[in-house]
Amino acid sequence: MAEAAGPGLGYEECVRPHLDYLYGVALRLCGNRTAAEDLLQDALLRAFRAFRSLRDREHPRRWLTRVLTSAFYDRVRMELNDALHRSVEEDFDLFDKIAEEDPFPYSDRVHLDFLELFDDARILEVLQGLAPQHRVAVILAYVYGFTAREIGEFTGRPVGTVLSWLHRGRKQLERELWEHAVSHHLIDRGAVGR
Amino acid sequence: MISCREAVARLWAYLDRNLERLQEQELEEHLGLCRHCCGELEFARHVRALLQRPGAAVELPTETRAKLEDFIRQLGGGA
Ligand SMILES: [Zn+2]
């Protein structure tokens, strides 16, 4: 009881500085503003309920990421079973694919030209093409620099599982980037058949 | 020496510094000799940078911020 009046931050002070950050994570996970806002609100409520028992007040950002991730995870649990059975083409290699199909025959930086086709909105869209658990892993690891071990903690899964999500997620990402470029006619594939 | 296939499989973990020392040494030895895999490494770097980029898109809209700040104030004040 006395601790509540101690030097530790209250809920509001603890959370407010991280709203932008959390919104960024939520938007990447959800792909649109409405869903991101909804997820964030859910996470803020969960964070409030868990706040009293929070011991690690030194790392609010990490803790809040964990709360947000598990809120997202609960939401997509239904899709997850499906996604686990969806096959991922492990052999697809975007670097090779671009070299083979050579969508910019007059360029000497064809790989960079390809990546420059993607603006912010397209990247968010492409991320939505990943199975939810792959998306969580790819976003937290490659955008925010969390380790596989931390992501395992956030989602309650073993590190080995997260490493496999990362591997498969990366492969899926390469495939989605290519397919997005093709289906949105960002590249002219000329005479090359599908 | 490890194969290109094996080298490529390790690149992202390499960028994350998630490889064990031996795996890392084997990869670096391969990269020292293989231009193709150096290209792949460079490409992996750019793809990661691409994922980090949506900056403008993730700025918290003023209206949403006001709404969320209101929400946490209510939660925090209600205790
Ligand atoms: Zn090689």
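Close-up 1: Helices here are DSSP runs of H or I with at least four residues, numbered from the N terminus. This is a predicted model, where local features need pLDDT of at least 70 and side-chain atom pairs count only at pLDDT 80 or more. Residues are numbered from 1 along each chain as its sequence is written, and chains are lettered from A in the order in which they are written.

Close-up 2: B:Cys4 (SG), B:His30 (NE2), B:Cys34 (SG) and B:Cys37 (SG) coordinate the zinc ion at 2.0 to 2.4 Å (donors are N, O and S atoms within 2.8 Å of the metal, or 3.2 Å for Na, K and Ca). The arrangement is tetrahedral because the angles between the four donor atoms run from 102 to 114° (all angles must lie between 85 and 135 degrees).

Close-up 3: B:His30 is buried, with a relative accessible area of 2%, while B:Cys4 is partly exposed at 34%. Buried means under 20%, exposed over 50% and partly exposed in between, using a 1.4 Å probe and protein chains only.

**Close-up 4: A helix from chain A meets a helix from chain B.** Helix H5 (residues 94–101) of chain A packs against helix H3 (residues 35–52) of chain B at about 110°, with axes 10 Å apart. That makes H5(A) roughly perpendicular to H3(B) (angles of 65 to 115 degrees).

Key. Heavy atoms only, no water. Tetrahedral: all angles 85-135°; square planar, octahedral: opposite > 155°, others 65-115°. Axes fitted to C-alpha atoms, helices over the stretch in contact; angles between N-to-C directions. Helix = DSSP H or I, 4+ residues; strand = E, 2+ residues; numbered from the N terminus. Parallel < 35°, antiparallel > 145°, perpendicular 65-115°, else oblique.
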